[in-house]
Amino acid sequence: MSSGHHHRPTLKQQNKAFKSKHATKSSIREAAKGKIARASPKSTSSHKSVSQSKLNRRNHAKQIQAQRRQSVVDGKRFFSGVDGTPRTVAVIPLTPDEKASARKTVAAIARALDMDDQDIPEEGLWRMSAQRFKTSLQFWILPYRKLYSSLDAAKVSDYVIFSLSPNVEVDKWGDTLLRTLQSQGLPDTLSIVPSSSSSIIKSLLSFMQYFYPDQSRVYDLTTGGEMITVARKLCEGTPGGVKWRDSRNWILGEETSFSEDGELKVTGYVKGSVPFSANRLVHLPGYGDFQVSKVVAAPIPTSSRKGMDIDPASTHSVLAEPVDSDADSLVSSNEPDDMANEQTWPTEEDMASAPALGNGQDTSIPDVPVKTTKRKRIPKGWSKYQASWIIDSDSEDDEGDDGMKSEEDDDEEFEDDTPVIQEDEHDGTAMDTATNEEDDELPDMDEEEMETWRNSRKTRESEEQEDAEFPDEMDTPKDLPARERFARFRGLRSFRTSPWDPYESLPRDYARIFQFEDFKRTERRAFDRDDEQSVQPGTRVTVHIKNVPSTFPISSTTPTTLFGLLIHEHKVSVLNFTVQRNTEYTGIVRSKDPLILCVGPRRLSVNPVYSQNPNNTKKPANNVYKFERFLRHGGAVGTIYGPVTFGSGRLPCTLLRESSTEGDVEAPELVGSGTFLNCDTTRIVAKRVVLTGHPFKVHKRTATVRWMFFNSDDIAYFKPIQLHTKYGKVGHIKESLGTHGYYKAHFDGPINQMDTICMSLYKRMFPRWATVWGSERKSVANGNGEDVMMEE
């Protein structure tokens, strides 16, 4: 039967599918069947809404432009007038060259404005009235190699001038100062050099742009035209603000003295973007936080039109006084109440089983037995573990089960220089005072030289290198059971998701700190808080401060800087801050090493605990972060107990280390810098310890492991904890083999003979208390000067 001819399916015509968007209105209405599409709230299809959004955008741009113009006008009005608020200019020399000293820089600016430069001091404050520009400048003249004074001057200044030398290069101290100021935050900066050589100016400009890229030129000190340009920039420009101090206020003390009633009086102009409140505490760098007694007006002496001087003392009035109901107290920590803890009351069964009193039984608590010390002679070269196997004989005639005789009978079997181990009868632990075989090979040394040689064998560099090659790995001790050595550690199935109660097993001192229910909300309220007892910026006042120590230094060459604090900023809590290590610093930085933390207006002596800083911003489910033994490149998070500081994300933090040179306090080393993170008291810093073992025998996914433990009791204790290998296998302990620490483990894949079996244990780490760094080391936790620290 013949079949008809058919074309292949690929040659058939395929028409375009019908597109509904080209349908008629009637067909669309029929398909909708009366349904009405909901209009999207973001839809701007109508012409009216489009035009309205365009008008809104245009109006919003006009408002922003008007705000910027108003801020510029207000900034100029704030400093307008010869008798008005002066612009503060810090002049910092970077070299010891006398030709480029800070005084000569200020004198050149004064001569450019036809001012007398004879009364300019070598160090301290000097005010200049610029009649040409109808304003005034206040110079803070700083000497060379005064780092901490330079940091304080940059915090309260509107401009910073760096004085460079054409002959002397910037040394290590100047480089550290520039990097520290860069991390701290600077206002507008200018650079001046006493040279007209174009090559020198270009070289110095390239050097300064490495630290401050916004600088466009270096000014010549010897040219009068350029000095007039510098004076015009200082007098007519609007100072650029520093982000972290935009919501704070400060006072640079022009006059400082003690009153008759013992109060410290600081006279100066209130500066900042917020009013100065008498209810808030004030911070004196190096001395701590104090309460304000009152704020008195202190206008500068002026002259009337008739030429008669007006005495400002007659116009002095109290501008603000603290209100008892709203004033901040100096209480910085809580007093733990031991009776508020969980109490255990005995049950009826416990009361019934207790021995009755008065039946002649001794119910007193026995005394602790007095520890006595035995001297045991051991063969030369024996370790402490081997010495523990020697059986003590009560009688000299008895012979042990292992065939060892009494010490008197075997004196001839021991050498004359046999080392001695002292054993404690109470706990049975041996205290090894013997030297090892390596010590015997050394020449004769005294005890101090021997101890120095032992300590030098394992330096900080070798410890850091070992931790980098074998992170968190630790050998299990042979003379101490692992269940006792790691009793405070725990195992986690997942480091990121396994639950960990942040309020579990907290130390007693943890009850002294404060915790915020919502730190972000409290921070916003602190910045937005208004106070009736406040003084507006630009007012010249005298602040009376209570309970300042009589040892507070008052010097004309070192002005007093006063910073206003926000509410709750005296309370002690957990401070977390990010740290990026300085690339130029080559020293070893371990957790809990003493450092100097510069955060906001404060300088604290701290021992930070470092932990990992995850790259992503997502918070782990259990809020657990791994403890870091060393601060390495790549960033970390430091944790301390210190005074609360607001300004998360924008408050700079700088870590300094005191110089190893004795007596050179003004030349610290820059360790790292970062920003303040938060005051999260539930952030858990977990120290990890990895116990390692070797697969002795392997059969597919089962392995016999040794050298991780040395007795069967430890294996039974750590049996529930999960194992892992360096090749990525996961398993568990099945059973113990023998009494020497061998065990059988089963894994999820075949085991390689070259693999390493690991077990991770974790323990929570707690930071230490911070103290105020300065002339008086007053603890922020208590005012009695004690350095309270947290133990592990």
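This is a predicted model: local features need pLDDT of at least 70, side-chain atom pairs count only at pLDDT 80 or more; totals for chains, interfaces and linings use all residues.
Biologist: Thanks! How many helices and strands does the protein have?

Modeller: There are 15 helices and 37 strands. Both are DSSP runs numbered from the N terminus: helices are H or I with at least four residues, strands are E with at least two.

Biologist: And what share of the residues is buried?

Modeller: Of the 792 residues, 42% are buried. Buried means under 20% relative accessible area, exposed means over 50%, and partly exposed lies in between (1.4 Å probe, protein chains only).

Biologist: How do I read a nonpolar core?

Modeller: Here is the general idea: in soluble globular proteins, nonpolar side chains tend to be buried together. A nonpolar core is a set of buried Ala, Val, Leu, Ile, Met, Phe, Trp, Tyr and Cys residues joined through side-chain atoms within 4.5 Å. In this protein the largest such core has 36 residues, and Phe-162, Leu-177, Leu-181 and Tyr-212 touch the most other members. Several elements supply at least two residues each, including β1 (87–93), α4 (147–156) and α5 (172–184). The largest share, six residues, comes from α4. A second, separate core of 31 residues includes Trp-244, Phe-516, Leu-575 and Val-644.

Biologist: Which residues is Leu-177 in contact with?

Modeller: Contact means heavy atoms within 4.5 Å. Leaving aside neighbours within four places in sequence, Leu-177 is in contact with Ile-92, Leu-94, Leu-147, Ser-150 and Leu-151.

Biologist: Next, the sheets. How does one read them?

Modeller: Strands of a sheet pair through backbone hydrogen bonds, either parallel or antiparallel. Two strands count as paired if DSSP finds at least two bridges between them.

Biologist: In which sense do β4 and β5 pair?

Modeller: They pair in the parallel sense over five bridges, with β5 covering residues 188–193. Phe-162 stands opposite Ser-191 in β5, and Val-160 has Thr-189 in β5 as its bridge partner. Five of the six residues of β5 are buried, so this strand is largely enclosed by the rest of the structure.

Biologist: What about β31, which strands pair with that one?

Modeller: Strand β31 (residues 684–699) pairs with β27 (residues 624–628) in the parallel sense over three bridges; there, Tyr-625 stands opposite Val-685. Nine bridges join β31 to β36 (residues 757–765), and these two run antiparallel. With β32 (residues 702–706) the pairing is antiparallel over five bridges. β31 and β32 form a hairpin with two residues between them, and Lys-700 in the turn has a positive phi of about 55°.

Biologist: How do I describe two packed helices?

Modeller: By the angle between their axes and the distance between the axes. Axes are lines fitted to C-alpha atoms, for helices over the stretch in contact, and angles run from 0 to 180 degrees between N-to-C directions. Here α5 and α6 pack at about 40°, with their axes 10 Å apart. They are therefore oblique to each other, since angles under 35 degrees count as roughly parallel, over 145 as roughly antiparallel, 65 to 115 as roughly perpendicular and the rest as oblique.

Biologist: And at what angle do α3 and α7 pack?

Modeller: Helix α3 (residues 102–112) and helix α7 (residues 224–236) pack at about 90°, with axes 8 Å apart, and are therefore roughly perpendicular. Their contact is made by Ala-108, Ile-109 and Ala-112 of α3 with residues of α7, among them Met-227 and Leu-234.

Biologist: Lastly, is Thr-639 buried or exposed?

Modeller: Thr-639, which lies in strand β28 (residues 636–643), is buried, with a relative accessible area of 5%.

Note on methods. Residues are numbered from 1 along each chain as its sequence is written. Side-chain values use heavy atoms; hydrogens and water are left out.
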